[in-house]
Amino acid sequence: MWGPTIIGFGSYHYKYASGHEGDAPLIGFSPRKTQFSLYVYSKTKKSDAILKDLGKFKMGKSCIYFKKLADINISIVKKLSLETIAYLNEHHECACRN
C-alpha cells in the first residue's frame with residue numbers, strides 16, 4: 001500500500017531539478033468513490049500512441065481516471081504498464097533493475 005488508498009507495485013526513487021525527491025510505486029491503482037485511478041503512465045511518444053486505444057478515460061498529469069472497468073481495454077493497460085516500467089528503469093533508481 002502506498003498511503004491509505006493506492007495499491008502500488010514495485011518502487012522507484014525520483015529526484016526533481018528543484019531538489020524535491022521521494023519514492024513512488026512503478027505502477028499503481030486506486031479504487032476511489034467516483035472513479036478508478038491508474039498510475040501506469042509515463043510521458044513518452046510510445047505511451048501517447050498507446051493511449052489512443054485505451055477506451056473511455058480522463059487524463060491527469062500522470063494518472064488515468066475511468067468510471068468502470070468495461071470503459072478501458074485491459075490489454076492496453078498492460079502495454080502502458082510495461083512501457084512505464086521500462087521508462088522508469090531507464091530514467092530513475094528503480095527496484096525493477098536486474
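Which residues do ring pairs link into a cluster with Tyr14? In this predicted model, ring pairs join Tyr12, Tyr14 and Tyr16 into a cluster, where rings of Phe, Tyr and Trp (its six-membered ring) are taken to pair if their centres lie within 6.5 Å. As the model is predicted, local features need pLDDT of at least 70 and side-chain atom pairs count only at pLDDT 80 or more, while totals for chains, interfaces and linings use all residues. Residues are numbered from 1 along each chain as its sequence is written, and side-chain values use heavy atoms, with hydrogens and water left out.

The strands, which are DSSP runs (E, at least two residues) numbered from the N terminus, include five that form an open sheet in the order S1-S4-S5-S7-S6, with antiparallel pairing. Its edge strands, each pairing on one side only, are S1 (7-9) and S6 (58-59); pairing here requires that DSSP finds at least two bridges between two strands. Strand S4 (residues 27-31) pairs with S5 in the antiparallel sense over four bridges, and a hairpin through four residues joins S4 to S5. On its other pairing, strand S5 (residues 36-39) meets strand S7 (residues 64-66), again in the antiparallel sense, over three bridges.

The aromatic contacts were then examined. A pair of aromatic rings is described by the distance of the centres and the angle of the planes; planes under 30 degrees apart count as stacked, over 60 as edge-to-face and the rest as tilted. By this rule the count comes to four aromatic pairs. The rings of Tyr14 and Tyr16 have centres 5.1 Å apart and planes at 40°, and the pair is therefore tilted. Tyr14 counts as buried at 16% relative accessibility, whereas Tyr16, at 48%, counts as partly exposed, the classes being buried for under 20% relative accessible area, exposed for over 50% and partly exposed in between (1.4 Å probe, protein chains only). Phe36 and Phe66 form a stacked pair, with 5.2 Å from centre to centre and 20° between the planes. Because Phe36 lies in strand S5 and Phe66 in strand S7, this pair ties together parts that are 30 residues apart in sequence. Phe36 is partly exposed, with a relative accessible area of 27%, while Phe66 is buried, with a relative accessible area of 3%.

At the surface, Met1, Ile7 and Phe9 form a nonpolar patch with about 330 Å² of accessible area together. Accessible areas come from the Shrake-Rupley method with a 1.4 Å probe, and for residues only the protein chains shown count as cover. Patches are made of residues with over 30% relative accessible area and no salt bridge, nonpolar side chains (Val, Leu, Ile, Met, Phe, Trp, Tyr) being joined within 5 Å and like charges within 9 Å; a salt bridge is a side-chain nitrogen of Lys or Arg within 4 Å of a carboxyl oxygen of Asp or Glu. Met1 is placed in the segment before S1 and is exposed, with a relative accessible area of 66%.
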